[in-house]
Amino acid sequence: MATPPAPLKTPTDIKTNAAKSVAEALNGILADSFALYLKTKNFHWHVSGPHFRDYHLMLDDQATQILGTTDAIAERVRKTGNTTLRSIGDIARHQTIKDNDAAFVAAADMLIELREDNLKLVEALREAKDIVDAAKDNATSGILDEWTDLAEERAWFLFEASRGA
């Protein structure tokens, strides 16, 4: 029987408790990012109505953008010497953005719900910013600014698109 490998001891100068707080905040953001990604894809697949093409394309672009942040979030957790999410169940245990399993959602309601979810993610990103700044994790702090800007932009696009819906 092979000896199991020793736990990875990722080098970091962030104190253990601070690194754990950073990882917890980022894992929550990661879970919400996956939940928001899947909801955005769900609405992309099921949108209908007179603005179908515009909404369909916008939601696909937004889903791609959200998914594009997930690897960087998880890697920041690992760089602090911690572990990240491992499964759909793990995502479900950490997410605060609610799923939408409705058989039908009107396009206007989709846009409003996604706008609110993106704003909720912005709130979590701002809270995480305070945590990483307290931990003196400059690298994560800078990236959080970018992710906040992207989420704010998505919320803005959803707001503007929903005005005529």
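A residue is taken as exposed when its relative accessible area is over 50%. In the predicted model described here, Asp-130 has a relative accessible area of 55% and is therefore exposed. Asp-130 lies in helix α4, which comprises residues 107–134. Together with Glu-123, Glu-127 and Asp-133, Asp-130 contributes to a patch of negative charge on the surface.

The protein contains five helices and zero strands, and its elements follow the order α-α-α-α-α from the N terminus. The C-alpha trace spans about 60 × 40 × 20 Å along the principal axes. Of the 165 residues, 42% are classed as buried. The geometry of α4 was examined against expectation: its 28 residues should span 40 Å at 1.5 Å a residue, and the C-alpha atoms at its ends are 41 Å apart, in agreement with that value. Just after α4, Lys-136 adopts a positive phi of about 60°.

Ten salt bridges are present in the structure. In one of them, the side chains of Lys-39 and Glu-113 meet with an N to O distance of 2.7 Å. This pair connects distant parts of the chain, as Lys-39 belongs to helix α1 (residues 16–46) and Glu-113 to helix α4, 74 residues apart. Lys-39 counts as buried because its relative accessibility is 4%, whereas Glu-113, with a relative accessible area of 23%, is partly exposed. Lys-39 and Glu-113 are also linked with Asp-117 in a network of salt bridges.

A further salt bridge joins Arg-76 to Asp-137, with the closest N and O atoms 3.1 Å apart. Here too, distant parts of the chain are linked: Arg-76 is in helix α2 (residues 52–79) and Asp-137 in the loop between α4 and α5, at a separation of 61 residues. Both partners, Arg-76 and Asp-137, are buried.

Helices α4 and α5 are bridged by Arg-126 and Glu-152, respectively, which stand 26 residues apart in the chain. The closest N and O atoms of this salt bridge are 2.4 Å apart. Glu-152 is partly exposed at a relative accessible area of 31%, and Arg-126 is likewise partly exposed at 45% relative accessibility.

Helix α5 (residues 138–162) also includes Trp-156. On the surface, Trp-156, Phe-157 and Phe-159 form a nonpolar patch, and their accessible area together is about 330 Å².

Conventions:
Residues are numbered from 1 along each chain as its sequence is written. This is a predicted model: local features need pLDDT of at least 70, side-chain atom pairs count only at pLDDT 80 or more; totals for chains, interfaces and linings use all residues. Side-chain values use heavy atoms; hydrogens and water are left out. Patches are made of residues with over 30% relative accessible area and no salt bridge: like charges are joined within 9 Å, nonpolar side chains (Val, Leu, Ile, Met, Phe, Trp, Tyr) within 5 Å. Accessible areas come from the Shrake-Rupley method with a 1.4 Å probe; for residues, only the protein chains shown count as cover. A salt bridge is a side-chain nitrogen of Lys or Arg within 4 Å of a carboxyl oxygen of Asp or Glu. Lys and Arg count as positive and Asp and Glu as negative; His and the chain ends are not counted. The place of a charge is taken as NZ of Lys, CZ of Arg, CG of Asp or CD of Glu. Helices (H or I, at least four residues) and strands (E, at least two) are DSSP runs, numbered from the N terminus. Buried means under 20% relative accessible area, exposed over 50%, partly exposed in between (1.4 Å probe, protein chains only). The expected span of a helix is 1.5 Å times one less than its number of residues.
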